[in-house]
Amino acid sequence: MPLVKTASLIAPGRGVAAFNVITLEHAVAVISGAEAAGVPVICQISENAVAFHGGRLAPIAAATAAVAQASTARVALHLDHVMDLDLLHQAADHGFSSVMYDGSRHPYDKNLARTAEAVSWAHAHGLWLEAELGEVGGKDGAHAPGVRTDPAEARAFVEATGVDGLAVAVGNSHAMTDRSATLDHDLICRLRDALSVPLVLHGSSGVPDDELRRAVRSGMTKINIGTALNIAFTTAVRTHAPTHVDPRAYLAPARDAMAATVAHLQTVIAGA
Ligand code: G3H
Ligand code: ZN
């Protein structure tokens with residue numbers, strides 16, 4: 001079916017999973033996993049993934065959109081963790097209905113100013129804009145689970161910038177390869193009560209199922225997952241590649257493993 005808009009999938013009290021797409025195999029796995037689970041999904045392509053594709057957004061975006069259009073699942077495209085404004089400005093031409101401007105590495109005032117500019121551009125082009133406040137660690141492979149977003153500061157940030165969704169730091173971090181994160185649920189509730197926009201949980205691969213369910217019930221809305229797919233992919237490749245030359249012999253099980261991970265997490269998040 002045609003792509004749907006991210007905004008149509010996001011509603012208070014309901015979780016929607018957003019999976020990182022790096023290769024065509026990721027796109028097929030995410031969308032077939034969503035079909036199997038019978039729930040909508042967000043396919044997100046990060047600035048890092050675009051760099052992997054030689055800085056070209058069009059090929060991986062077009063491939064993901066084509067897979068979505070050939071499926072029965074409701075799929076939205078999201079451009080993720082964008083720091084480069086030139087890339088941000090390409091979103092509207094490639095099927096994306098939402099973007100994340102990531103100014104979290106800047107000091108508060110600069111993050112606020114840059115985010116407000118990104119919001120103006122996004123809204124002028126009909127896009128839903130997510131920002132981040134209180135950097136969710138692990139983007140360089142180092143965990144920083146101690147970082148927390150302050151609710152009062154977040155409220156001021158949302159009011160000053162006009163963002164549509166906010167990524168917040170609540171105890172986990174990116175790129176965790178074990179599911180051992182413990183979230184600050186009291187803080188999630190306080191952020192939910194303080195803010196008028198949906199909350200986004202980044203680094204969700206490290207969060208166990210029960211914690212994910214509780215996070216959605218506490219107010220997390222968009223649940224971002226990347227590393228969990230790469231673990232499934234790489235584990236299958238390590239098992240099958242040593243004895244094969246044809247990449248299909250290991251990419252097919254790798255894709256199936258990612259699809260099974262997607263279907264499971266979709267059930268956890270949508271059924272919370
Ligand atoms: O924006 C993407 C996510 O935050 C992915 O994080 O790879 O730790 O699941 P993760
Ligand atoms: Zn993230």
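Residues are numbered from 1 along each chain as its sequence is written, chains are lettered from A and ligands numbered from 1 in the order in which they are written, and side-chain values use heavy atoms, with hydrogens and water left out. Because the model is predicted, local features need pLDDT of at least 70 and side-chain atom pairs count only at pLDDT 80 or more, while totals for chains, interfaces and linings use all residues.

The zinc ion (ligand 2) is coordinated by the NE2 atom of His 81, the NE2 atom of His 174 and the ND1 atom of His 202, at 2.0 to 2.1 Å. Donors are N, O and S atoms within 2.8 Å of the metal (3.2 Å for Na, K and Ca); water is not among the atoms, so sites may look incomplete. Along the sequence, the donor residues follow the spacing H-x92-H-x27-H. Distant parts of the chain are linked in this way: His 81 belongs to strand 3 (residues 75-82), whereas His 202, 121 residues apart from it, lies in the loop between strand 7 (199-201) and helix 9 (209-218). Helices (H or I, at least four residues) and strands (E, at least two) are DSSP runs, numbered from the N terminus. Both His 81 and His 202 are buried; buried means under 20% relative accessible area, exposed over 50%, and partly exposed in between (1.4 Å probe, protein chains only).

A polar side-chain atom of Asp 80 lies 2.6 Å from an oxygen atom of ligand 1. For a polar backbone atom of Gly 226 the distance to an oxygen atom of ligand 1 is 2.9 Å, and for an N or O atom in the side chain of His 202 it is 3.2 Å. Taken alone, ligand 1 exposes 310 Å², and the protein buries 96% of that.

Side chains of opposite charge can pair when their charged atoms come close. Eight salt bridges (a side-chain nitrogen of Lys or Arg within 4 Å of a carboxyl oxygen of Asp or Glu) are found in the whole structure. One of them joins Glu 159 to Arg 155, with the closest N and O atoms 3.4 Å apart. Glu 159 and Arg 155 are four residues apart in helix 7 (residues 151-161), and therefore separated by about one helical turn. Glu 159 is exposed, with a relative accessible area of 59%, and Arg 155 is partly exposed, at 43%. A salt bridge also forms between Arg 248 and Asp 246, whose closest N and O atoms are 2.9 Å apart; Arg 248 counts as exposed at 63% relative accessibility, while Asp 246 is partly exposed at 33%.

Glu 132, by contrast, lies in strand 5 (residues 128-133) and counts as buried, at 0% relative accessibility.

Key
Polar contact = N/O pair within 3.5 Å; in protein donor to acceptor, adjacent residues only side chain to side chain. Areas by Shrake-Rupley, 256 points an atom, 1.4 Å probe, with all protein chains shown as cover.
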